[in-house]
Amino acid sequence: MSEIELQPAITGLSGELEVPGDKSISHRAVIFSSLSEGTSTIDNFLTGEDCFRTVEAFRQMGVKIDEDGSRITVHGKGVQALTAPTQPIYFGNSGTTARLLSGVLAALPFFTTAYGDASLSKRPMDRVVVPLKEMGAVIDGRESASLLPIAFSQATLTGVRHELTVRSAQVKSALLLAGLLSNGKTTVVEKGVTRDHTEKLLPQYGVELSVSGSDITIEGGQHLTASDLKVPGDISSAAFFMVAAAITPNSQITIKNVGLNETRNGIVTALLKMGAELTSTVHTYIGEEPVGDVTVASSSLHGITLEGEMIPNIIDEIPILALAATQAEGTTVIKDAKELRVKETDRIDAVVRNLRKMGAEIEAREDGMVIQGRQTLRGNVLDSFGDHRIGMMGAIASLISDGKVVITDKDCINISYPPFFKHLESLQKKKTS
Ligand SMILES: O=C(O)C1=C[C@@H](OP(=O)(O)O)[C@@H](O)[C@H](O)C1
Ligand SMILES: C=C(OP(=O)(O)O)C(=O)O
């Protein structure tokens, strides 16, 4: 176990920061580049463990992928050139790899098996397996292929109309990818708006798709052409420092060049609703993705209700928003977020346990939590439960807590944010005496 002790003696946070590349876009860029013909260069690629699971999977299928820091170069030869892996593919801790690649592997003309780590092996796969089988996929696995390990047999898929029963960008993207590699037309009808990076990025690789209300339609058999991309900063990583600045007295920070896609920027909306001193400005577009700067200063926050359509937009930010809520006047209620129970860990349970250990008044609900503010937090030993976002929430809590915070298993943070502790350190204004 890789433990870290945090007891920062600081007077506040200040400075500018660029967070690493967006995880969702990095995964998609590798997948689309690997299916393309030609060489694609991806800059500001997230060098987190999850994205390397996607890279390794395509290497196992014969795609040459070079690494040079956060630049990766994918030498695609098209879908037809992919070859059968001789070993099982390891999805590691990455739900995005598992779900999106299921859509690809189900449609490829060879046999593949795949497995994950202990956490991913508990996460539901039936949400992609059931609709893929409706397209003709032949998938076997543990508990009727609702859990990893899983095996994909050679099959020819036919496009169908899917009415999604979960609000999940991973499921939507898996089915669009399967549709792209199928015969005929596939329509995915979303249950609610989820992150739309797949829809925004596929056209850059020459793929046509149409979006009409909640229907997204794609024709099978289209060829992908290589495309270069610079990945915007990850707003889900930036969220930790936005909250850090809002809850730490005497602070002001700017996060530069961060993705501000409107299906992802709910953290900005939520913090503004809580009364945060925050400005966010879009200054460029990378393809269809808006990119900008976010400045946050110490704020007098108040509690709010987070529910409904908003939830998919802030799904990965709820742990850090829960910490913000402990510092907000009044009550914060989080509802309609049952999905948190099937992330890297049960995030409702993990957040409640850790914040309670620090003295917060917080109650778990089946689909969310209720948090009372403003609470003084005390240092304690916190378990990350192997979940990067739970580990980072604990580290940010150390900025405002009385006494030392110990995070057990800090290494899981490398899943999405390898330079997290370096960045945390760089923003701290140290007490001089
Ligand atoms: O599509 C994606 O890149 C992701 C979608 C979300 O998961 P769900 O689609 O399961 O909600 C999110 O939690 C995950 O971190 C990344
Ligand atoms: C849920 C997450 O990722 P994934 O589903 O890809 O494991 C996350 O990054 O918070």
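A residue is called buried if 20 or more other C-beta atoms lie within 10 Å of its own, exposed if 12 or fewer, and partly exposed in between, with C-beta atoms placed from the backbone. The structure is a predicted model, in which local features need pLDDT of at least 70, side-chain atom pairs count only at pLDDT 80 or more, and totals for chains, interfaces and linings use all residues. Residues are numbered from 1 along each chain as its sequence is written, while chains are lettered from A and ligands numbered from 1 in the order in which they are written.

**Annotated positions**

In the unreviewed UniProt entry, the annotation "binding site" covers K23, S24, R28, S168, Q170, D316 and K343. UniProt positions follow the numbering used here, feature names are shortened, and such annotations may be inferred rather than shown by experiment. Two of these positions are set out below.

Helices (H or I, at least four residues) and strands (E, at least two) are DSSP runs, numbered from the N terminus. Leaving aside neighbours within four places in sequence, R28 is in contact (C-beta atoms, placed from the backbone, within 7 Å) with H197, T198 and L201.

**Surroundings of ligand 1**

The shell around ligand 1 consists of S24, G95, T96, S168, A169, Q170, S173, R195, I315, D316 and E339; a residue is near the ligand if its C-beta atom, placed from the backbone, lies within 6 Å of it. Helix 3 (95-105) and helix 6 (169-180) each supply at least two of the shell residues, and helix 6 gives the most, with three. Domain 1 (4-21 + 232-430) and domain 2 (23-230) each contribute at least three residues to this shell; the domain bounds come from an automatic or database domain assignment.

**Strand 13 and its partners**

Strand 13 (residues 215-219) has a covered face, formed by I216 and I218, and an uncovered one, formed by D215, T217 and E219. Strands pair if DSSP finds at least two bridges between them. Strand 11 (residues 185-189) runs antiparallel to strand 13 and is joined to it by five bridges, with K185 opposite E219. Strand 12 (residues 209-212) is also antiparallel to strand 13, through four bridges, and S210 stands opposite T217. The hairpin of strand 12 and strand 13 has two residues between the strands, and G213 takes a positive phi near 60 degrees there.

Methods:
Contact = placed C-beta atoms within 7 Å.
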